[in-house]
Amino acid sequence: MTDTPLLRTPLFDLHVELGAKLVPFAGYEMPVQYPAGILKEHLHTRAEAGLFDVSHMGQAWLEAEPGEDAAALIETLLPGDIAALAPGRIRYSLLLNETGGILDDLMVTRTPDPARLFLVVNAACKDADFAHIAAKLAGRARLVRLDDRGLIALQGPKAAAVLARHAFGADDLAFMEAGTFALDRVECMISRSGYTGEDGFEISVPAEEADRIARVLLAEPEAAPIGLGARDSLRLEAGLCLYGHDIDTATTPVEAGLSWTIGKRRRAEGGFPGADRILKQLAEGPARERVGIRPEGRAPAREGTPVLSADGREIGRVTSGGFGPSVGGPVAMGYLETGFAAPGTAVSLLIRDKAHPAVVAALPFVAPNFHR
């Protein structure tokens, strides 16, 4: 428990007006659902366009000092090939500690200015992330927090059609590309990205304009407000990690099934935190792996549920689990000993001291619908 008051995003009044159920999340008072409920919100996002308030996340510029290159500097902290990004392109990457554990996952956007990168990090980690980056790159770059900006995610197969009516040309963005656009006369940084498995956009907007822009988008017939509950079930079906649950400081990218974030050049050159351990795991394989799990029946397997082998031995634990509305049944992710990680492997889930049958499943649970 804490006496620290909860923070509010620029869309707080709108959430209240729309009848949201508000809960504490990452130090903020956030909407977990609206009157339609999590199930309908989830399915609406898969079919139409859902609007999410993600203003609690951390936004910042990383600005290199004269003579320095921002991409080269950030590469000392993460394994992604940022130098290879063309201006306007985005890379999902991982801040690593010295043992190769994951401090956070983040989005890095290369701008036309080689001295400047745009960063978006998770809400619960943003203070620690920004302090870590600033300290590691002190004297060579400065980190400029953008606490005066809101962040709105518009996700779903009809998101592009909705956005095109208000931000000319934004629907021409490629997947994982960003640019600056006038959205209803407000200059916004818009990226074609998101964390639902659907096509969609993330809109960085001045805080004082966020409420108005959200209302403009929600006035479109395809758009509906979506809370954190559906955001979680959407990302779980899409096989996407939630920091602090599926990835953490004790987990490496290889164990997490995120080896694809380690660029080919970075594998050859190293030079990122924990490189020795991570490169060894790439060569020899990890002792455990993140996998999908499909419980049989209707009982969901929640975080912390033990996973058992056929002979009753604990071989891993669930890190995320719940009902998958698009799948029509329970889904989960977790870490298993590598020898049990192949899709189709029969396992059991120990729920309320009773073993329930389940099977290891390939991720994601639903096919991605990203724009190509």
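**A tour of rings and charges**

Start by selecting R231 and F52: the charged end of R231 sits over the F52 ring, 5.9 Å from its centre (NZ of Lys or CZ of Arg within 6 Å of the ring centre and within 35 degrees of the ring normal). This is a predicted model, where local features need pLDDT of at least 70, side-chain atom pairs count only at pLDDT 80 or more, and totals for chains, interfaces and linings use all residues. Residues are numbered from 1 along each chain as its sequence is written, and side-chain values use heavy atoms, leaving out hydrogens and water.

Now pick R288 and Y335. Here the charged end of R288 sits over the ring of Y335, 4.3 Å from the centre.

E255 is buried at 7% relative accessibility (buried is under 20%, exposed over 50%, partly exposed in between, with a 1.4 Å probe and protein chains only). Beyond neighbours within four places in sequence, its contacts include R288, Y335 and Q281 (heavy atoms within 4.5 Å).

Last stop: Y92 and W260. How far apart are the ring centres of Y92 and W260? They are 5.7 Å apart with planes at 20 degrees, so the pair is stacked (Phe, Tyr and six-membered Trp rings pair with centres within 6.5 Å; planes under 30 degrees apart are stacked, over 60 edge-to-face, the rest tilted). Y92 is buried at 11%, whereas W260 is exposed at 58%.
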